[in-house]
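Please look over the points below with the structure open beside you. Follow each one on the model as you read.

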Amino acid sequence: MPASTRSTGPVGRLLLERAITVAARRAATTGGLRFTERQLYYETCRVLRPTPAPVRRIPHSPAPPLRLSRFTEVLRGREPAGLLPAPAAAPTIGGPAREPDLYAYGLPRLLICQDRSIARMLLANHVHLEAACPVLSAEDDLPLDSRLVAALERAGDATVHVLHDASPAGIALPARVREGLGPGPARVASLGLVPRHAQALRLVSGRRPGPVPPFGPVPRGLRAAEVDWLAAGRFAEVAAVPPARLLRAVLRLTRGPRPARHSVWSDLRELRSAGFLTWPDV
């Protein structure tokens, strides 16, 4: 374990402050991306524990080398360039009051994020404009407004993309969205994460303390090993994906051609270029 994660003295703090500075620079990249505090935490984990080149292709989801509480303590009072400020309240990301024109036309695509902060990050980086795809938060915008559902139905072949964590609650979200849409023609497509994504991308993963409650029906396309991974209390957050990679993947999969129904991208080379795998529709 890196010294900065073991020591609470001044030297350990200085090393961790330096790691956070490097991580913020990496998260922003040359394009000046905006990122959340949680994304900066995971980027700091990658700085503290880089993956050697020979093992980058070996699927694995390591434990974090740094406690979140320790990171938060050292970050307090610092404002790295690109870091999104914490919202003063729990704002609606993209509901009726924010996007009234959504209801006047057919809506061919929509993105729903499980994590409100990820939705804010995508909006701050103008993904909704580049992909011509409204970005909503499951916390704030589900169930979907009936007028929004009608706009999806008017498009005829609309797709509702769902971006979620590799966790029982996240994996259940696409089915929850599907149920809320009713029998209309819009389809629901999960962008991930699922456990195999976390392992292929070597994302830092956590483990739920205590007994793990059983989750609902296993979604189509989820493998037995992934079910075991979740049953062991493991989880990986979308925030663990490097910000630039997350943006590239979301843009590619929302504004690009619609993937074939029931397809799974299993080739790791394509995974690395796209950033994510898609998995079967709900």
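1. Start with serine 61. Find serine 61 in the loop between helix 3 and helix 4. The model is a predicted one. Is serine 61 buried or exposed? Its relative accessibility is 4%. Buried means under 20%, so serine 61 counts as buried.

2. Next, the surroundings of this serine. Which residues does serine 61 touch, leaving aside its neighbours within four places in sequence? Serine 61 is in contact with Ala198, Gln199, Leu203, Ser205, Trp229 and Arg234. Take note of Trp229, one of the buried residues of helix 11.

3. Now helix 11 itself. This helix covers residues 224-231. Its residues Glu226, Val227, Trp229 and Leu230 are buried. Why do these four belong to one side of helix 11? They lie on the same side because they cover an arc of only 155 degrees around the axis.

4. The face turned away from the buried side carries Ala224, Ala225 and Asp228, which are exposed. On the buried side, the cover includes helix 9 (168-181), helix 10 (195-200) and strand 6 (234-235). After helix 11 comes glycine 233. The phi of glycine 233 is positive, near 90 degrees.

5. Helix 3 spans residues 37-48 and helix 4 spans residues 68-75. Their axes come within 11 Å and cross at roughly 110 degrees. Angles of 65 to 115 degrees count as roughly perpendicular, so helix 3 and helix 4 are roughly perpendicular to each other. Helix 3 brings Glu37, Arg38, Leu40, Tyr41 and Thr44 to the contact. Helix 4 brings Leu68, Phe71, Thr72 and Leu75. By class, five residues of this contact are nonpolar, two polar and two charged.

6. How many aromatic pairs does the structure hold? There are two. One aromatic cluster is formed by Tyr41, Tyr42 and Phe71. Tyr41 and Phe71 also take part in the contact of helix 3 with helix 4.

7. Finish with another crossing. The axes of helix 5 (residues 116-124) and helix 12 (residues 243-255) come within 11 Å. They cross at roughly 80 degrees, so helix 5 and helix 12 are roughly perpendicular. Ile118, Met121 and Leu122 of helix 5 meet Pro243, Leu246 and Leu247 of helix 12. This contact has six nonpolar residues, no polar and no charged.

Conventions: Residues are numbered from 1 along each chain as its sequence is written. This is a predicted model: local features need pLDDT of at least 70, side-chain atom pairs count only at pLDDT 80 or more; totals for chains, interfaces and linings use all residues. Side-chain values use heavy atoms; hydrogens and water are left out. Buried means under 20% relative accessible area, exposed over 50%, partly exposed in between (1.4 Å probe, protein chains only). Helices (H or I, at least four residues) and strands (E, at least two) are DSSP runs, numbered from the N terminus. The arc is that of the directions from the helix axis to the C-beta atoms. Contact means heavy atoms within 4.5 Å. Axes are lines fitted to C-alpha atoms, for helices over the stretch in contact, and angles run from 0 to 180 degrees between N-to-C directions. Angles under 35 degrees count as roughly parallel, over 145 as roughly antiparallel, 65 to 115 as roughly perpendicular and the rest as oblique. Ala, Val, Leu, Ile, Met, Phe, Trp, Tyr, Cys and Pro count as nonpolar, Asp, Glu, Lys and Arg as charged, and the others, Gly among them, as polar. Rings of Phe, Tyr and Trp (its six-membered ring) pair if their centres lie within 6.5 Å; planes under 30 degrees apart count as stacked, over 60 as edge-to-face and the rest as tilted.
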